[in-house]
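Work through the exercises below with the sequence and the 3D structure open. Try each task before reading its solution.

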Amino acid sequence: MKNLKSQRGLNSIWTDSLAHNLRPDSNALVDHLMTVHQKHTGFTEECASSCRDETGRNSYEWLAELVPVNEKLRVLDLACGSGLLLKILFDRNKNLNLRGLDMCPEELELAESRLKNSGVDLIESKAQNLTAIHDNSIDIVLCHWALTLMDPIAPVLNEVRRVLTPKGRFAALVDGPMNAVPRYADVHNLIYSYAKDEIPSYGEVDLGDSRIRGRESLSNLVHETFPKGNITIETKVVTIEGPVNQVSEIAAGFFYAAFILKPEKRKLMLANLANMLTIPKDSTDFERLGRFSMPINRLLVDLI
Ligand SMILES: C[S@@+](CC[C@H](N)C(=O)[O-])C[C@H]1O[C@@H](n2cnc3c(N)ncnc32)[C@H](O)[C@@H]1O
């Protein structure tokens, strides 16, 4: 049961467990993610689509590039959220047979409205149990910004292997190494310091399986499920520049910790974040401009 009387910005079984110094289980994790995504539906695409690499691509486009154009392939977007990746894939190649899956009905509703008349099949399900999808029936499974949140992760990877064809491909966009961006850790630490103020043990238990966040641990984990797969992990940095208040909102959106703050605390956190992200100003500037960069990793597993 959630404690609805609590004064936090957001209440879930996860936050209640942490507040009582208990270790949240996988049901608490699902409840927390559902609570965030019901309250802030579509926030991921708002943040992730605004951050671009040196050639102008956002992380959805970078992941989508792993799907060949002009081929009739069956592609599954695992934890598709509001469906932006599916829309990009559809616009690039109308011959694809596309399916999206997510556990959050509110996100799927957004996806459905965006993908009207596209023939994309949307499924409400957890990634740990893909019963709606037959064995060996998918050529490419993609997962954008969601693998990090899944715990237990082993059943997810086993299901991906089951649904993929023997020469299939699995690719995921996940967190990159913090040290790839100077001062990224400062942004992380600032947001977590506010979250810890709200719940002192926040951050002691990871949201999802922490092995996804490290290059070597991710490679080892994936190798257990795909021992013959060809595994590569590439790192990239994506950036947003603009009015600093807007940049701070986008930056905060990448951290689930920011969603548990009460409105007044969130305001304070955003003001501090804005100071941190402000680009040193030219005396002629009217508006404070800011910049936020973040590291991302692209995992690719090609089955042989
Ligand atoms: C950060 S959002 C990413 C959404 C989308 N892929 C994007 O990048 O726009 C994470 C998504 O993963 C979904 N999700 C998390 N854990 C899941 C699970 N075990 N099974 C299915 N969906 C899950 C959430 O409902 C949410 O829509």
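**Exercise 1: the shell around the ligand**

In this predicted model, helix 3 gives three residues to the shell around the ligand, the largest share.

Task: State which residues come nearest to the ligand, and how the shell divides into nonpolar, polar and charged residues.

Solution.
- Step 1. There are 22 residues around the ligand, and Ala79, Gly81, Cys104, Ala127 and Ala146 come nearest.
- Step 2. Two or more residues of the shell come from each of helix 2 (26-39) and helix 3 (43-48).
- Step 3. Sorted by kind, the shell holds 12 nonpolar, six polar and four charged residues.

**Exercise 2: Thr41**

Task: Locate Thr41 and decide whether Thr41 is buried, exposed or partly exposed.

Solution.
- Step 1. The loop between helix 2 and helix 3 contains Thr41.
- Step 2. Thr41 has 18 other C-beta atoms within 10 Å. Buried requires 20 or more, and exposed requires 12 or fewer. Thr41 is therefore partly exposed.
- Step 3. Leaving out residues up to four places away in sequence, Thr41 touches Ser82, Glu106, Glu107 and Leu110.
- Step 4. From Thr41 to Leu76 there are 35 residues in sequence and 21 Å in space, C-alpha to C-alpha.

**Exercise 3: the largest nonpolar core**

Task: Find which members of the largest nonpolar core touch the most other members, and list the contacts of Val75 beyond four places in sequence.

Solution.
- Step 1. In soluble globular proteins, nonpolar side chains tend to be buried together.
- Step 2. The largest nonpolar core has 92 residues, and Val75, Leu78, Leu85, Val141, Leu142 and Ala251 touch the most other members.
- Step 3. Strand 5 (residues 164-175) supplies six residues, the largest share of this core.
- Step 4. Beyond four places in sequence, Val75 contacts Val67, Leu89, Leu96, Leu98, Asp139, Ile140 and Leu142.

Terms used:
Residues numbered from 1 in each chain as written. Predicted model: local features only at pLDDT ≥ 70, side-chain atom pairs only at ≥ 80, totals over all residues. Near = placed C-beta within 6 Å. Helix = DSSP H or I, 4+ residues; strand = E, 2+ residues; numbered from the N terminus. Nonpolar A, V, L, I, M, F, W, Y, C, P; charged D, E, K, R; others polar. Core = buried A, V, L, I, M, F, W, Y, C linked by C-beta atoms within 7 Å. Contact = placed C-beta atoms within 7 Å.
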